[in-house]
Amino acid sequence: MSALWSVGAGLLLLLLWVRHRGLEAVLVHHRWVFVCLFLLPLSILFDIYYQLRAWAVWRLHSAPRQHAQRVRHIQEQVREWKKEGSKRYMCTGRPGWLTVSLRVGKYKKTHKNIMINLMDVLEVDSERQVVRVEPLVSMGQLTAYLNPMGWTIPVVPELDDLTVGGLIMGTGIESSSHIYGLFQHTCVAYELVLADGSLVRCSPTENSDLFYAVPWSCGTLGFLVAAEIKMIPAKKYVKIHYEPVRGLQKICEKFTEESKNKENSFVEGLMYSLDEAVIMTGVLTDEAEQSKINRIGNYYKPWFFKHVEKYLKADRTGVEYIPSRHYYHRHTRSIFWELQDIIPFGNNPVFRYLFGWMVPPKISLLKLTQGEAIRKLYEQHHVVQDMLVPMKSLEKSIQTFHVDLNVYPIWLCPFILPNNPGMVHPKGNEAELYVDIGAYGEPKSKQFEARASMRQMEKFVRSVHGFQMLYADCYMTREEFWDMFDGSLYHKLREQMNCKDAFPEVYDKICKAARH
């Protein structure tokens with residue numbers, strides 16, 4: 001009883017403090033209070049619900065049987081929209097706050113919402129080495145399903161909650177992308193419901209124009225209802241080598257060298273300042289030295305980027321064996337390093353041991369509860385951007401990031417970009433090595449101003465024939481956008497498939513200049 005009295009008294013004091021400071025002031029300046037007391041427990045309930053649902057679907061083998069019925073329901077909704085006169089654009093009915101993108105999709109309020117409840121693994125074909133999934137299957141869900149069977153997918157983008165549909169309609173990358181390319185390049189077929197309500201399958205040999213136009217189209221060519229993704233054999237561990245490197249030129253040379261080495265299963269770099277980085281290379285293995293196993297995904301373990309920084313501070317190399325699924329989701333617990341701005345003491349050992357099992361809060365819940373004040377604060381004083389630039393422009397790109405943003409750590413992830421048709425491809429006729437430069441955090445550059453600084457960054461990326469990931473804030477004009485991306489195949493298909501009355505153009509859906 002005394003414990004209950006203590007909890008009650010604590011809650012009363014908290015409510016009085018919130019009333020004194022004002023709810024908005026607490027949410028903006030002491031957001032960790034709300035996150036720790038409400039969002040973390042709520043995130044746990046979300047996870048429990050989805051895990052129980054996935055288990056029930058697996059036990060009952062109901063996903064393949066119900067899939068066809070659910071797709072027919074989507075087709076019926078599209079045909080109903082046509083009967084109503086096609087008066088407004090269509091979009092998925094999934095609430096905007098449920099997406100991992102930090103952008104708030106206001107179009108959901110004005111467009112015809114098509115309900116798409118497709119979140120199951122449909123089939124694992126071991127002979128073809130292909131897994132067929134619905135678009136709302138998440139990376140955490142998929143690796144948990146495949147790993148016990150001895151399989152994984154070649155590119156497992158970071159963060160558990162990223163969905164297959166988002167990674168196809170947008171894009172996805174991982175430290176294995178220097179071998180396999182972006183997430184879209186590991187897919188072998190898509191199934192879509194088009195603007196006329198028809199169901200179409202596309203692949204490199206069947207409706208190939210549509211297959212290559214779907215990635216980066218952000219749902220503006222049709223509704224994705226299934227995808228087939230390559231599988232590769234899974235191994236127990238990733239043997240990872242940490243190497244601190246100093247000096248920007250040396251960092252770029254070392255990173256480029258390791259990215260070109262196909263014997264590396266994984267390549268990743270974390271820059272902690274303009275001239276300090278740790279370059280990590282990894283190989284898949286079933287054997288491990290027991291004394292060097294690091295189960296970095298356990299809730300009480302240090303956040304991965306902080307763990308990596310120890311090698312830089314100690315100025316020493318190191319080798320560890322990380323269980324493969326822990327490695328695939330190594331940045332999830334700290335949302336890369338974004339969580340340190342929300343829960344400043346989140347990496348403290350006491351917090352990790354007592355409450356680390358509840359981390360991270362769902363990004364969707366953070367979006368839902370951020371409020372207008374926090375949204376504006378983040379928009380003006382926070383960046384979350386991934387810029388994809390040719391590896392040959394890496395040094396110049398990092399210098400530009402430093403001058404315009406000055407955000408650290410910076411994530412470096414190499415990928416091979418094949419010369420396929422579609423919105424994103426190299427300038428020449430052959431595949432080219434690119435690198436994703438990820439900046440997440442509060443810019444320290446004194447001249448930073450959100451719109452002007454990002455437009456300057458976008459201009460630079462266009463000048464080196466790079467690309468901006470479309471989940472983030474984009475400030476380009478329509479002309480600048482289509483200068484960055486190749487719209488020839490995309491626009492041709494929108495014309496052929498009568499998409500112009502059914503879906504907005506991708507630019508109008510994602511760019512700030514079009515939405516404001």
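Axes are lines fitted to C-alpha atoms, for helices over the stretch in contact, and the angle between two of them runs from 0 to 180 degrees between N-to-C directions. In this predicted model, the axes of helix H16 (residues 394-404) and helix H17 (residues 450-463) come within 10 Å and cross at roughly 170 degrees. Because angles over 145 degrees count as roughly antiparallel, H16 and H17 are described as roughly antiparallel to each other. On the side of H16, the contact is made by Lys-396, Ser-397, Thr-400, Phe-401 and Asp-404, which meet Ser-453, Gln-456, Met-457 and Phe-460 in H17. Sorted by class, this contact of H16 with H17 has 3 nonpolar, 4 polar and 2 charged residues.

The loop between H16 and strand S15 (410-417) holds Pro-409, and Asn-406 also has its place in the loop between H16 and S15. Most residues other than glycine have a negative phi, and most peptide bonds are trans. Asn-406, although not a glycine, has a positive phi of about 55 degrees, and with a relative accessible area of 22% it is partly exposed. Tyr-408 and Pro-409 are joined by a cis peptide bond, with omega at about 0 degrees. Another cis peptide bond joins Val-359 and Pro-360, where omega is about 5 degrees, and Pro-360 is found in the loop between helix H13 (349-355) and helix H14 (363-368). A positive phi, near 80 degrees, is also found at Leu-159, a residue of the loop between strand S5 (151-152) and helix H6 (164-169). Leu-159 is buried, with a relative accessible area of 14%.

The chain is divided into domain 1 (62-233) and domain 2 (237-330), whose C-alpha centres lie 31 Å apart. Across the boundary, 15 residues of domain 1 are in contact with 13 residues of domain 2. The largest nonpolar core has 145 residues, and those with the most contacts inside it are Leu-142, Tyr-190, Leu-210, Phe-481 and Phe-485. Since domain 1 and domain 2 both give residues to this core, it lies between them. When neighbours within four places in sequence are left aside, the contacts of Tyr-190 include Ile-168, Val-200, Cys-202, Phe-211, Val-214 and Leu-224.

Two further residues illustrate different surroundings. Ile-229, found in strand S8 (residues 223-230), has 0% relative accessibility and therefore counts as buried. Ile-229 and Gln-184 are 45 residues apart in sequence, yet their C-alpha atoms are 8.8 Å apart in space. Leu-136, by contrast, is placed in the loop between strand S4 (130-133) and helix H5 (139-146), and at 21% relative accessibility it counts as partly exposed. Among the residues that Leu-136 touches, leaving out those up to four places away in sequence, are Arg-94, Ile-116, Leu-118 and Thr-163.

In helix H10 (residues 304-314), the buried residues are Phe-304, Phe-305, His-307, Val-308, Glu-309, Tyr-311 and Leu-312. These buried residues of H10 pack against several elements, including strand S10 (237-246), strand S13 (318-323) and helix H12 (339-342). Just after H10, Asp-315 takes a positive phi of about 50 degrees.

Technical notes:
Residues are numbered from 1 along each chain as its sequence is written. This is a predicted model: local features need pLDDT of at least 70, side-chain atom pairs count only at pLDDT 80 or more; totals for chains, interfaces and linings use all residues. Side-chain values use heavy atoms; hydrogens and water are left out. Helices (H or I, at least four residues) and strands (E, at least two) are DSSP runs, numbered from the N terminus. Angles under 35 degrees count as roughly parallel, over 145 as roughly antiparallel, 65 to 115 as roughly perpendicular and the rest as oblique. Contact means heavy atoms within 4.5 Å. Ala, Val, Leu, Ile, Met, Phe, Trp, Tyr, Cys and Pro count as nonpolar, Asp, Glu, Lys and Arg as charged, and the others, Gly among them, as polar. A nonpolar core is a set of buried Ala, Val, Leu, Ile, Met, Phe, Trp, Tyr and Cys residues joined through side-chain atoms within 4.5 Å. Buried means under 20% relative accessible area, exposed over 50%, partly exposed in between (1.4 Å probe, protein chains only). Domain bounds come from an automatic or database domain assignment.
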